[in-house]
Amino acid sequence: MSDPDGPRTEWMNAAADVLRGLNADEEPAALLRRVARHTCALTGVDSCAVMLLDETGTRLVTRASHGLTEAYRHDLDSLAPMLVHPTAHAPDVPAAQAVRERRTVVLSDVDGLGEDSPWRAAAGREGIHSILAVPLDADDGCAGVLVGYTRRAHRFAASELALAELMAQYVATVLRAARVKEVQRSTIAQLEKTNAELTTAVESLHHERAQREWAEAQDRRLVALLLDDAGLDGVLDALADALAATVVLESAEDGTVLARSADAAAGRERPAATAALPLGRELGTLGPGSSPVRLELGDAHAWVLALAVAGEAVARLWVIRDRDAGAGAPPLVRSVIERFAPLVALELHKRRHAADAALRLTRDLAVDLVSGGGRDRDLRDRARALGHDLTRPHTVVLVPAGAAATRSARAARQAFGDAALVGEDAGSLVVLVPDADRAALVAAAAALPDGPTVVGATVTGTEDYPAAWRVVRTAAALAAAGPRRPGPVVDLDDLGVAALLLESGAPDGLRRLADRTLGPLERHDAQRSTDLVGTLRAWLDAGGATAEAARALHVHPHTVGYRLRRAGELTGLDLQRADAVFELRVAMMVRAVQRAAGHP
């Protein structure tokens with residue numbers, strides 16, 4: 001016995017299958033193929049096509065099929081446009097009629113298409129006999145048509161037509177739901193895009209706010225540094241901490257380091273920092289008021305900014321960061337450097353002003369010590385008030401003042417340390433260096449411009465300063481008047497007994513003695529390419545022994561004798577007399593002092 005609910009069950013199963021495809025977001029073509037397959041099963045047709053209106057709404061296009069050959073599908077879309085409203089000369093078909101009239105159309109025999117219809121021959125080749133066309137009708141219009149084909153004459157029963165129409169209505173609903181889902185997906189995608197844009201905008205706002213808050217924190221830090229009088233070192237340390245960098249301040253004049261952050265001073269200075277400093281001397285065009293310039297320094301990058309005091313470029317500020325730290329770089333680096341720069345310049349000016357003030361305060365004391373002005377107790381009290389202890393040993397140093405005495409005094413104080421007393425006397429700088437290591441002192445003096453610098457005796461009593469100063473002044477005068485270009489340093493410890501001659505304090509007289517005694521010999525040696533002065537020196541060093549002098553000179557004793565006689569003739573001195581030999585020895589010592597200032 002047949003099941004009276006069988007067709008309804010089949011239809012419900014078909015509808016459920018199509019719904020599953022819809023819920024699974026199946027591709028439209030695959031979903032419509034399901035529809036075509038179930039239509040064949042429900043209505044008894046051999047094949048089925050689902051045709052939808054194109055974008056213009058005037059033409060039907062095959063979107064899916066079941067049981068049709070590829071050749072027939074190709075014919076449906078390519079033989080001629082399947083117009084919903086065909087012109088007078090265009091063929092009409094059941095599918096177009098069903099959409100146009102929004103009703104089911106049955107063609108029992110394809111011969112009814114007319115002899116001129118291009119689809120009649122195509123249907124014959126496909127073996128089609130009957131056609132059933134059901135519009136995909138819905139409240140919002142007709143979307144297309146469901147077309148069934150049979151290969152034999154078939155009279156569609158009322159139940160088959162009802163099932164076909166029910167399937168068509170359901171398909172129309174499914175298509176509308178699919179369009180709604182597509183609109184929803186498009187809307188969701190647009191909302192997600194908008195949300196992403198809003199998220200990016202919010203993140204950007206948060207980033208900008210974080211930058212502003214960070215910059216404001218740096219401003220508060222600057223105010224605190226100013227109020228706390230942190231000093232130049234404190235400001236550089238704060239800048240280094242804010243930017244996770246090494247900070248170096250160098251002189252704009254010669255590139256010498258004026259100050260640096262604590263990490264550099266503690267020996268943790270990055271290698272790139274020291275490599276960067278020579279570059280600073282190449283940035284001669286970097287002027288006051290310009291923005292920080294960024295430089296790539298191998299494994300690091302740096303910003304350099306010129307600092308000015310009273311409109312004059314006095315220093316360059318270097319901020320150096322490791323390249324591998326770039327990912328964590330704080331925001332607004334350039335802005336922070338520019339914010340710190342005025343405070344760095346202010347602290348540098350304060351340090352320079354303090355140094356100049358210290359020079360002024362100690363200048364008179366240094367001059368009074370070497371000139372013998374003032375009582376011992378008064379001098380010691382004045383020194384104690386300035387933070388100096390005159391009971392410590394001080395080495396007396398003379399530095400030529402050069403064209404700018406203030407600049408030379410600052411350079412001398414930087415070279416010998418802040419504890420040094422610096423003054424000016426008769427065109428030369430008086431430098432009194434406490435507790436000095438002589439080798440280090442000579443090395444520091446050699447680095448000063450405008451030589452020669454004379455390093456004199458080390459004294460402890462206030463009464464010893466004038467004599468020590470007189471000696472270094474005499475040495476400087478003899479060195480400057482010497483026959484050779486002055487060298488950077490004259491160390492009186494290297495002169496031996498010859499230095500004792502300087503205590504007479506008569507450099508002009510000593511120089512005249514040496515010129516009168518040795519001048520004729522020196523001129524003879526220069527004009528005749530002889531070596532009378534060298535022979536005389538070797539003879540004096542040998543204690544007047546001609547044979548020993550000859551061995552030292554690698555010549556015959558007769559040669560030495562001849563040269564000594566010639567030297568006596570030119571000087572007018574009798575070398576057999578003790579007073580003449582003493583005069584020669586003194587002249588030789590004066591020349592030794594003068595040679596000490598020349599290049600070897």
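A residue is termed exposed when its relative accessible area is over 50%, buried when this area is under 20%, and partly exposed in between. In the present model, which is predicted, His554 has a relative accessible area of 71% and is therefore exposed. His554 is located in the loop between α17 (546–553) and α18 (557–571). Although His554 is not a glycine, its phi is positive, at about 60°.

A positive phi, of about 55°, is also found at Arg102, again not a glycine. The loop between α4 and β4 holds Arg102. With a relative accessibility of 41%, Arg102 counts as partly exposed, because this value falls between the limits of 20% and 50%.

The open sheet consists of 6 strands with antiparallel pairing, arranged in the order β3-β2-β1-β6-β5-β4. Its edges are formed by β3 (82–83) and β4 (105–107), each of which pairs on one side only. Helix α3 (residues 70–78) packs on this sheet and touches β1, β2 (59–66), β3 and β6. The direction of α3 makes an angle of about 170° with that of β2. Helix α4 (residues 94–101) lies across β1, β2, β3, β4, β5 (130–138) and β6, and runs at about 150° to β6.

Within the sheet, strand β1 (residues 47–53) and strand β6 (residues 141–150) run antiparallel and are joined by 6 bridges. In this arrangement, Met51 stands opposite Val145 of β6.

Conventions: Residues numbered from 1 in each chain as written. Predicted model: local features only at pLDDT ≥ 70, side-chain atom pairs only at ≥ 80, totals over all residues. Heavy atoms only, no water. Pairing = 2+ DSSP bridges. Helix = DSSP H or I, 4+ residues; strand = E, 2+ residues; numbered from the N terminus. Contact = heavy atoms within 4.5 Å. Axes fitted to C-alpha atoms, helices over the stretch in contact; angles between N-to-C directions. Buried < 20%, exposed > 50% of the residue type's maximum accessible area, 1.4 Å probe, protein only.
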